[in-house]
Amino acid sequence: MAKRASAGELRTRIYIRRLEKEADKEGVAGEQMESVFAPGADGKERVWHCKWVNAYGTEAVTAMQLQIREPATLTMRYSPRIKADCLIYRLGDRSPYEIIGINDVEERHTWLEVKVCRKQAAQ
């Protein structure tokens with residue numbers, strides 16, 4: 001897969017969110033999706049750009065054997081806020097992708113290679 005990408009290849013716009021659990025005044029637990037980044041200057045959720053490559057060839061066959069739905073590899077700029085418990089939403093897509101693995105390319109804190117698959121209900 002790609003170890004780096006040029007700025008022109010970072011075409012796919014995504015939102016990176018984390019499920020935050022908190023209790024209200026009465027002690028009832030609630031869950032809410034929160035962006036991992038601070039809002040932009042306009043007050044809206046910040047969009048992150050990445051290079052999105054869907055799985056193909058032997059990688060797709062292996063994913064089918066493991067019953068992984070819609071695997072893909074994302075190459076994006078490094079951020080320490082992106083962790084394995086985050087969910088990724090493509091712009092305009094309502095169902096999230098969950099992170100399978102994160103690779104800080106060459107441990108340089110410049111690029112991240114993130115393996116994702118479509119989130120599905122527990123079996």
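Among contacts in the protein between residues at least 6 apart in sequence, what share join residues at least 24 apart? The share is 59%, where a contact means heavy atoms within 4.5 Å.

The model is predicted, so local features need pLDDT of at least 70 and side-chain atom pairs count only at pLDDT 80 or more, while totals for chains, interfaces and linings use all residues. Residues are numbered from 1 along each chain as its sequence is written, and side-chain values use heavy atoms, with hydrogens and water left out.

We start with the overall layout. Helices (H or I, at least four residues) and strands (E, at least two) are DSSP runs, numbered from the N terminus. The C-alpha trace spans about 50 × 40 × 30 Å along its principal axes.

Next comes the surface. The protein exposes about 8,200 Å², and carbon and sulfur atoms supply 49% of this area; accessible areas come from the Shrake-Rupley method with a 1.4 Å probe, and for residues only the protein chains shown count as cover. Of the 123 residues, 33% are buried. Buried means under 20% relative accessible area, exposed means over 50%, and partly exposed lies in between (1.4 Å probe, protein chains only). There are 21 positive and 18 negative side chains, and the centres of the two sets lie 6 Å apart. Lys and Arg count as positive and Asp and Glu as negative, whereas His and the chain ends are not counted. The place of a charge is taken as NZ of Lys, CZ of Arg, CG of Asp or CD of Glu.

Strand β5 (residues 86-90) and strand β6 (residues 97-104) run antiparallel and are joined by two bridges; two strands pair if DSSP finds at least two bridges between them. Leu 87 stands opposite Glu 98 in β6. The hairpin of β5 and β6 has six residues between the strands, and there Gly 92 takes a positive phi near 90°.

Strand β6 also pairs with strand β7 (residues 111-118), in the antiparallel sense and over seven bridges. Tyr 97 has Arg 118 in β7 as its bridge partner. In the hairpin formed by β6 and β7, six residues lie between the strands, and Glu 106 in the turn has a positive phi of about 55°.

Two loop residues can be set side by side. Ser 79 sits in the loop between β4 (72-77) and β5. Ser 79 counts as buried because its relative accessible area is 6%. Leaving aside its neighbours within four places in sequence, Ser 79 is in contact with Phe 37, Trp 48 and Leu 112. Lys 25 sits in the loop between β1 (12-23) and β2 (29-35). Lys 25 has 88% relative accessibility and therefore counts as exposed. The C-alpha atoms of Lys 25 and Val 116 are separated by 36 Å, and the two residues are 91 apart along the chain.

The structure holds zero disulfides, a disulfide being a pair of cysteine sulfur atoms within 2.5 Å. For Cys 50, the nearest cysteine sulfur is that of Cys 86, 14 Å away. Cys 50 is buried, with a relative accessible area of 0%. Cys 117 is in no disulfide either, and its nearest cysteine sulfur, that of Cys 86, is 14 Å away. Cys 117 is buried too, with a relative accessible area of 8%.
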